[in-house]
Amino acid sequence: MEVDSIDCMSSSDVMDEEAVTLLHHHPSSKPHGGGAAVPPGISPAATSVHELLECPVCTNSMYPPIHQCRNGHTLCSACKTRVHNRCPTCRQELGDIRCLALEKVAESLELPCKYSSLGCPEIFPYYSKLKHEAQCNFRPYNCPYAGSECSVVGDIPFLVTHLRDDHKVDMHSGCTFNHRYVKSNPREVENATWMLTVFHCFGQYFCLHFEAFQLGMAPVYMAFLRFMGDENEARNFSYSLEVGANGRKLIWEGTPRSIRDSHRKVRDSHDGLIIQRNMALFFSGGERKELKLRVTGRIWKEQQNPESGVCIPNLCN
Ligand SMILES: [Zn+2]
Ligand SMILES: [Zn+2]
Ligand SMILES: [Zn+2]
Ligand SMILES: [Zn+2]
């Protein structure tokens, strides 16, 4: 027995190392011996390891640091900060006792990724699980709408419906576009002037953003495309944007950014077509009293890397 386990072992009815090992190797089997393997504060019926690790106060899973009172009642660290140093089970002073044996169980358990219901098949020990979940490809996406803080998250089909129904975003099919942006008072450039259009092509969804903002002291317009999916998939696509009039034209060619990157991050990295206001007014023609920009663009799929894919002769040229 390691010395650092003493705290937890001070209570006679906390599970012993043997029970821990047993539970770890047979997560689905029920521990025998009844009360002896179940820490106080948790109902004797709670016999699976996951139930054992359930905080009796908030019922979330407990992970290190796991605390216990002098009588061995366990609780999670979030609840510990909330209970004003009183054990919620026996009302005794809580103190600062860790339950290291239970912490070891929690660390050694292999748990499914929290996005398993969204399709992730991965299983990890606790700390690797946390790391993985921050990067998991199945984690939900944030709503890509840029006009206000929107806290909606979900998968792509859900967000497409949400953009259409809740944000009234324009939906288009096809991989080419021709868009007019008209603004009556081009002298006003607030940071929050933006527009979003969603394009559906190649079985994927793309967000075309257009907005006006201050770049340093200068008002500019910017258009860029975001891919509704992960970054590695976004790299399979390219897009071009064109704006012009009177024999001049600006062309931008780029790779759409994943909506994993926030709208703001993409804007601040200037990864798109940036039009100075003077040029924008010039392209608008007329009396410079109105902003009238025609942005045309195209989205295409990049040829697969010949080493990574099978080339079907009829389709490759
Ligand atoms: Zn808790
Ligand atoms: Zn207690
Ligand atoms: Zn995952
Ligand atoms: Zn939204």
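Q: Helices of at least four residues and strands of at least two are DSSP runs, numbered from the N terminus. With that in hand, where is Asn246 placed?

A: Asn246 sits in the loop between S13 and S14. Please keep in mind that this is a predicted model. S13 and S14 form a hairpin, with two residues between them.

Q: What is the phi of Asn246?

A: First the general idea: most residues other than glycine have a negative phi, and most peptide bonds are trans. Asn246 is not a glycine, yet its phi is positive, at about 55°. Thr59 is another non-glycine residue with a positive phi, of about 65°. Thr59 belongs to the loop between H3 and S1. The loop between helix H3 (49-52) and S1 also holds Pro65, and the peptide bond from Pro64 to Pro65 is cis, with omega near -5°.

Q: Is Asn246 buried or exposed, and why?

A: Asn246 has 8 C-beta neighbours inside 10 Å, so Asn246 counts as exposed. Thr59, with 11 other C-beta atoms within 10 Å, is exposed too. Val295 is buried because 22 other C-beta atoms lie within 10 Å of its own. For the chain of 317 residues, 28% count as buried.

Q: In what order do the four strands of the open sheet lie?

A: Reading across the sheet, the order is S9-S17-S13-S14, with antiparallel pairing. Strand S9 (176-183) and strand S14 (248-254) each have a single partner strand, so one side of each has no neighbour in the sheet. On average, neighbouring strands are turned by 20° against each other, direction ignored.

Q: Over how many bridges do S13 and S17 pair?

A: Strand S13 (residues 237-245) and strand S17 (residues 291-301) pair over seven bridges, in the antiparallel sense. Within this pairing, Val243 is opposite Val295 in S17. S13 also pairs with S14 in the antiparallel sense, over seven bridges, and there Ser240 has Glu253 in S14 as its bridge partner. Helix H10 (residues 277-284) lies across S13 and S17, at about 100° to S17.

Q: Which residues is Val295 in contact with, leaving aside neighbours within four places in sequence?

A: Contacts show what the fold brings together. For Val295 they are His179, Tyr181, Phe210, Ala223, Leu241 and Val243. Leu250 is 45 residues away from Val295 along the chain, and their C-alpha atoms are separated by 9.8 Å. Over the whole chain, 52% of the contacts with a separation of 6 or more are between residues 24 or more positions apart.

Q: Which residues touch the most other members of the largest nonpolar core?

A: In soluble globular proteins, nonpolar side chains tend to be buried together. Here the largest nonpolar core has 37 residues, and Phe206, Ala223 and Leu273 touch the most other members. Elements giving two or more residues to this core include helix H7 (156-166), strand S11 (204-215), S13, H10 and S17. Not counting residues up to four places away, Phe206 touches Phe199, Leu225, Arg226, Phe227, Met228, Pro256 and Ile299. Another core lies apart from it, with 17 residues, among them Met62, Ile66, Leu75 and Cys76.

Q: Which residues does UniProt list for "domain: RING-type"?

A: The unreviewed UniProt entry lists residues 55-91 under that name. In the model, residues 55-91 are 11% helix and 16% strand, and the end C-alpha atoms are 16 Å apart.

Q: In what order do the three strands of the other open sheet lie?

A: The order is S2-S1-S3, and the pairing is antiparallel. Strand S2 (74-76) and strand S3 (97-98) are the edge strands, each pairing on one side only. Strand S1 (residues 66-68) pairs with S3 over two bridges, where His67 stands opposite Arg98. Helix H5 (residues 100-108) lies across S1, S2 and S3, running at about 155° to S1.

Notes. Residues numbered from 1 in each chain as written. Chains lettered and ligands numbered in written order. Predicted model: local features only at pLDDT ≥ 70, side-chain atom pairs only at ≥ 80, totals over all residues. UniProt positions renumbered as here; feature names shortened; annotations may be inferred. Pairing = 2+ DSSP bridges. Axes fitted to C-alpha atoms, helices over the stretch in contact; angles between N-to-C directions. Contact = placed C-beta atoms within 7 Å. Core = buried A, V, L, I, M, F, W, Y, C linked by C-beta atoms within 7 Å. Buried ≥ 20, exposed ≤ 12 C-beta atoms within 10 Å, placed from the backbone.
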